[in-house]
Amino acid sequence: MSRRGESAPASGSERVLSLLQERRDSFVSGAELSRMMDISRSAVWKQITSLRNLGYEISAEPSKGYRLEAAPDALIPAEIRQGLATRVIGSKLVCLRETASTNTVAFRMAEEGSPEGTAVIADCQTGGKGRLGRTWASPPGVNLYCSVILRPPIQPMAAPQLTFLSVVALARAIERLTPLSPRIKWPNDILIDGKKVAGLLNEMSAETDKVNFVVLGIGVNLNMTSDQFPADLRHPATSLFIESGTRVRRTDFARCLFQELDEVYGQFLREGYGPVRQEWLQRSRLAGEPVTVTESGRVTRGRVVGIDEYGALLLEGEDGATLQVLAGDVRLVNG
Ligand code: BT5
C-alpha cells in the first residue's frame, strides 16, 4: 500500500493547491504564498513543481506569480474537498495510489478508531473484493473504488439497511452527474440498461446487540472501456462512459457521492429506515412487479411487495402468502 503523500503530493503542496484553488481566476504571488505558508520562496517553487509533476497546469509569470489553469483528475484529498459540504462523510480522507482492497484498509482504520465518515479511496485495487469471495475488477485511472466508515446506533440485524442506503445515494449521484437512468437490482447492484455499472460490499464489526462500525465498500465503473472488463463476468457490465459517451471526473463523482451519502445517512439517523426503504423500492422499480428469484437452482416466484428491515425481499406468492427471500438472483418476469 502506498499513500499518495509518500511520493506526492506532500501536505505542503496540497496547501499550495488549496490556496491556488481558492483564487482560481487570479495570480497569487510567490511572496504571498511563501508568507501564507511560512516557507521560503524556493520551497514554494518546489511545491509548484511537484504539483506540475502530478499533472496540474500552473502558469508562472515573474511579475504576477502563479495561477492554476487546469487540474488533472487526480484522486487526492485537496481536489475532493474542493466545495465539499458534508456533515459527516469525508470527515477524514485517505487517498491511495494502489492497495489490495479499500475495504480492508478502512476496516483496519475503523478498528484503530478512525472517526465516522472516514473515506478511503484508491486509484486501483489489486485484490478488489466482491461478495462471497468474488473479485471486483479495479484497473487504475478510470473508476472509483471507495470505502466509508459509519458508526450507526443500530442493531446488527438492521445492518442491511445501510446497503440500501448506500445504493440509493449511489443511484442519486449517477442521476445528478449523467443523463442516465440507473436502476437498483436487489440487493446491492446498480444497473444501466440491464448491465451492471456499480456494486456494493458492506462489511461490519459487531457485538451481539451493537454495531461497532460498518464499512460501506462502493465500486463504480466511471470511465472504464469495454476492453478493460475481464472476459469471465457473471453478468453483462458497463461504465457510465460507455453508456453516456461522456467522461465523468472521478473527483466530481466522489464529491457528489459523499454529498448524497451524507444527506441520506443524516435522514436515516433522524427519521429511521422508512424514507430509504421507500426510495429504494421506487428506484428498483420492483414494487408490485412479478419476479422470479433463483438461488442454488431453486426458483421462487411472486409479486414484490417490499423489503423488510433486515434486508429481505418480500414477495406475495401465488397463494397469497408472503415469502421472505434472503438471497438469490432476481429477475423481472416482464423485464
Ligand atoms: C459486488 O460484488 O458487486 C461488490 C463490489 C464492491 C467493490 C468495492 S470497490 C471498493 C471496495 N473495496 C473492495 O475491495 N470492494 C469494494 P458481487 O455482487 O459479488 O459482484 C462481483 C461480480 O461482479 C464478479 O464476480 C464479476 O462477475 C462482476 N464484476 C467484477 N468486477 C466488475 C466490475 N468492475 N464491473 C462490473 N462487474 C464486475
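**View 1. Strand β9 in the shell around the ligand.** In this predicted model, β9 provides the largest share of the residues around the ligand, with four of them. The strand spans residues 195-207, and the other elements that contribute two or more residues to the shell are α6 (102-111), β6 (144-150) and β10 (210-220).

View 2. Look around the ligand here and you will find 28 residues. The closest are Ser 101, Lys 129, Arg 134, Lys 196 and Asn 221. Sorted by class, the shell holds 12 polar, 10 nonpolar and six charged residues.

**View 3. Polar atoms of the protein beside the ligand.** Two of the closest residues, Ser 101 and Lys 129, can be followed atom by atom in this close-up. From Ser 101, a side-chain N or O atom sits 2.7 Å from an oxygen atom of the ligand. Lys 129 brings a polar backbone atom to 2.7 Å from a ligand oxygen. Ala 137 also uses its backbone: one of its N or O atoms is 2.8 Å from a nitrogen atom of the ligand. As for cover, the ligand on its own has 790 Å² of accessible area, and the protein covers 96% of it.

**View 4. Helices α7 and α10 packed against each other.** Here we turn to a pair of helices. Helix α7 runs over residues 160-177 and helix α10 over residues 274-284; they pack at an angle of about 55°, and their axes are 9 Å apart. Because of that angle, α7 counts as oblique to α10.

How values were computed: Residues are numbered from 1 along each chain as its sequence is written. This is a predicted model: local features need pLDDT of at least 70, side-chain atom pairs count only at pLDDT 80 or more; totals for chains, interfaces and linings use all residues. Side-chain values use heavy atoms; hydrogens and water are left out. A residue is near a molecule or strand if one of its heavy atoms lies within 4 Å of it. A polar contact is a pair of N or O atoms within 3.5 Å; within protein, one must be able to donate a hydrogen and the other to accept it, and residues adjacent in sequence count only if both atoms are side-chain atoms. Accessible areas come from the Shrake-Rupley method with a 1.4 Å probe; for residues, only the protein chains shown count as cover. Helices (H or I, at least four residues) and strands (E, at least two) are DSSP runs, numbered from the N terminus. Ala, Val, Leu, Ile, Met, Phe, Trp, Tyr, Cys and Pro count as nonpolar, Asp, Glu, Lys and Arg as charged, and the others, Gly among them, as polar. Axes are lines fitted to C-alpha atoms, for helices over the stretch in contact, and angles run from 0 to 180 degrees between N-to-C directions. Angles under 35 degrees count as roughly parallel, over 145 as roughly antiparallel, 65 to 115 as roughly perpendicular and the rest as oblique.
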